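Me: Please explain the aromatic contacts of the following model, setting each value against its definition.

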Amino acid sequence: NNKNNIKLKINGIKSELVQKYELKYGENNIEIIIKNKITNLEYMFYDCISLKNIEGLKHLDVSKGNNFSYMFNGCEFLSDIKALEKWNVSKGINFSYMFNGCEFLSDIKPLKNWDVSNGNNFSYMFHGCRSLSDIKPLKNWNVSNGNNFSYMFSGCKSLSDIKPLENWNVSKGNNFSWMFSFCESLLDIQPLGNWNISKGNNFSGMFNNCKSLPNIKGLENWNVSNSNNFSLLFWGCKSLSDIEALKNWNVSNGNDFSDIFSNCKTLL
C-alpha cells in the first residue's frame, strides 16, 4: 500500500478472484493485467480514496461483466473516467454504489453510450457525487429493467437540472426512496411528470432536503396508489410553498406519512 505503482495480475476466471485482490486505501496509479474475461467487478477499487488515474482500464474487457456494484465506491478523488467510455456493460445487472462517494466526479460524458438495458439495480450509483451538475449524458439511458432507484442521485448537491431524465422508462421501478435527497440545488422536478411510477411502493425521503425546491409541479398525474411509504418525502424542503400537485394523489394504501412535510418552513 505504500508503493506508487501496483501491477495486479489476475489469472483466473472465477469472480472470487476479484474479491481476493481487493485494493483498499488507494494508490495514485494502478496498472492491472487481467488475462481472462471476468463477470464480477464488484468492490474492485472499493475505498481507493487516492485513486485518480484509471487510464489503463480502457483496455479492460468487461463484456461479460454482470456485477459492477461498489466498483469505484469511495474513490473520493476520481474525476476522470474517460477510460470507461468504450466499455461494453450490456450484460450488467447490478450498478449499485458504482460511483458512490466520488465527490470530485463532475464529468460523466464517457457514460453517454453505455448500454444499461439489463440493469435492474441502480441504487446509490451516483450517491454523494457532490460535484456532479450535468447529467445530460444519461439522457438516452435505457433503464427500463430497473426496479431499484433508491438513493441514485442522493447527495448530488450541485445538481439543479434533471430534465435529461424526463423520458426515462422507470415503469418497473418499485423503490424510489431517497432518490434525489439532499439535492440542495434542485429547482424544478417537472421533468419527472411523465414518469410511470405506478409500481412504486416506496417513496420515503425521495426529495428530502431539496432545500431550493419551490414547488412540486409536474407530479400531478403520478399514480402512487401502490405505495405504502411516504415518510420524510419532502422533509427539509425549506423553500417549498406550493403542494397543489398532490391534491389528487391516491394514498389510500399508505401507512407511513411520518414527517412528510416536516421542516418545510415556507409551507403554509
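Me: How many aromatic pairs does a search of the whole structure find?

Reply: The search finds 36 aromatic pairs; rings of Phe, Tyr and Trp (its six-membered ring) pair if their centres lie within 6.5 Å. This is a predicted model, in which local features need pLDDT of at least 70, side-chain atom pairs count only at pLDDT 80 or more, and totals for chains, interfaces and linings use all residues. Residues are numbered from 1 along each chain as its sequence is written, and side-chain values use heavy atoms, with hydrogens and water left out.

Me: Why is the pair of W168 and W195 called stacked?

Reply: The ring centres of W168 and W195 are 6.5 Å apart and the planes lie at 5°. Planes under 30 degrees apart count as stacked (over 60 is edge-to-face, the rest tilted), so the pair is stacked. W168 and W195 are 27 residues apart, both in the segment after β2 (29-34); strands are DSSP runs (E, at least two residues), numbered from the N terminus.

Me: What makes W168 buried?

Reply: The relative accessible area of W168 is 3%, and buried means under 20% (exposed over 50%, partly exposed in between; 1.4 Å probe, protein chains only), so W168 is buried. W195, at 4%, also counts as buried.

Me: Why is the pair of F234 and F261 called stacked?

Reply: The planes of F234 and F261 are at 5° and the centres 5.7 Å apart, so this pair is stacked.

Me: Is F261 buried or partly exposed?

Reply: With a relative accessible area of 27%, F261 is partly exposed, whereas F234, at 0%, is buried.

Notes:
Helices (H or I, at least four residues) and strands (E, at least two) are DSSP runs, numbered from the N terminus.
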